[in-house]
Amino acid sequence: MKIFKQIVFILIVSFVCGLGFNAFSPHGINILDNPWSNHADKKSDFHVKYDSSLEQEEPVVFVNLDRARQFVENHEGIVLDARTPEDYAEGHIPGAYLLSFYHINDYYPDLKDQLTESQVILVYCGNVNCEDSEFLANELFNSGHDKILVYKGGFQEWKSNKLPVKKGES
Amino acid sequence: MKRLLLHPLMVWVCRLGVAAVLLYAGIQKAWMPLEFARLLKEYHILPDHVLNLTAVVLPWVEIICGLCFLSGLWLMGAAVFLTSMNTAFVFAIAYRAWLIMSAANTGFFDVSFDCGCGFGVVYIPAKILENLVLAATGLLILLSRCKNRGHDQY
């Protein structure tokens, strides 16, 4: 009985401290939010499909290496790197801006005007297995940007195909 | 052996060691809950809608348990948490390692990933062993408390 009481006390204190700290932390998150599922569940106009064509009818489209390369070489819009600042500094696609998904509030305000003016946005992260570019695309879509390309191969595929890489901070 | 394991000094050292691990890991995760939530998602065990809440509360369970081990308050409850959490982590990490092994066609002793434990990318066999040791330490502390119940000397 004593153990059970202690477990309950620890749980209650953890909930109170966790929720209180989260409310005042600069990195606090909305516990009721669910940025992890495909927003198609919540918004009927959010669709994701894989497309290598130039025409974009859907707000968020997955693109392959060729389309990403074409986008970068033709300066078709803004390129965003969703990885961490450390990964970005080690190497990124030339011309890409850092918009780390985990520090989105730090970077988004400075880029907001450029992103609003840009017709299309290309986002990428580390490799085909990372999901940060999709999470960032979801956030951008929720912020009103409706033409987003997600380059799924990410920086690893770009680099392994000997395409240009820039090092250092933006 | 039993006397050595349950010796007050031994239990004290275990409590301090466990407290240090829990406080460090808990603070790392509590500071960046979004990143922790993302790592939790990669386990594909919890439903998406509870990931954020878990990422906010779970690090504080570790921090509070760490403080309990330091202070001696609610020690048995903290020991139960330590053992049960680390046992659950062992299964979760083993499950994710199995998923990676299946996808990448690699062996168990080649698997490393960021398990969301607060220590970055770790070598998984060593991490599982570490969690088993932590779970056993929780049991040891619990046993020592049961043994000394009524005449607490710590």
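Visitor: Leaving aside neighbours within four places in sequence, with which residues is Val61(B) in contact?
Guide: The model is predicted, with pLDDT of at least 70 for local features and 80 or more for side-chain atom pairs, while totals for chains, interfaces and linings use all residues; side-chain values use heavy atoms, without hydrogens or water. Residues are numbered from 1 along each chain as its sequence is written, with chains lettered from A and ligands numbered from 1 in written order. Once those sequence neighbours are set aside, the contacts (heavy atoms within 4.5 Å) of Val61(B) are Ser14(A), Phe81(B) and Met85(B).

Visitor: What distance separates the C-alpha atoms of Val61(B) and Phe81(B)?
Guide: Val61(B) has its place in helix α4 of chain B, residues 51-71. Phe81(B) is among the contacts of Val61(B). Along the chain the two residues are 20 residues apart, and their C-alpha atoms are separated by 8.3 Å.

Visitor: Does Val61(B) count as buried or exposed?
Guide: Buried means under 20% relative accessible area, exposed over 50%, and partly exposed in between (1.4 Å probe, protein chains only). Because the relative accessibility of Val61(B) is 5%, this residue counts as buried.

Visitor: Why do the buried residues of α2(A) lie on the same side of the helix?
Guide: In helix α2 of chain A, residues 65-73, the buried residues are Leu65(A), Arg67(A), Ala68(A), Phe71(A) and Val72(A). They lie on the same side because the arc that they cover around the axis (taken from the directions to the C-beta atoms) is only 165°.

Visitor: Against which elements do the buried residues of α2(A) pack?
Guide: Helices (H or I, at least four residues) and strands (E, at least two) are DSSP runs, numbered from the N terminus. In chain A, the buried residues of α2(A) pack against helix α6 and against strands β2 (60-63), β3 (78-81), β5 (121-124) and β6 (148-151).

Visitor: Which residue with a positive phi follows α2(A)?
Guide: The phi in question is near 50°. The residue that follows α2(A) with this value is His75(A).

Visitor: Which residue of β5(A) is the bridge partner of Leu80(A)?
Guide: Two strands pair if DSSP finds at least two bridges between them. β3(A) and β5(A) run parallel and are joined by four bridges. In β5(A), Leu80(A) has as its partner Val123(A).

Visitor: Which residue of β4(A) is the bridge partner of Asp81(A)?
Guide: Strand β4 of chain A covers residues 97-98 and runs parallel to β3(A), with two bridges joining them. The partner of Asp81(A) in β4(A) is Leu98(A).
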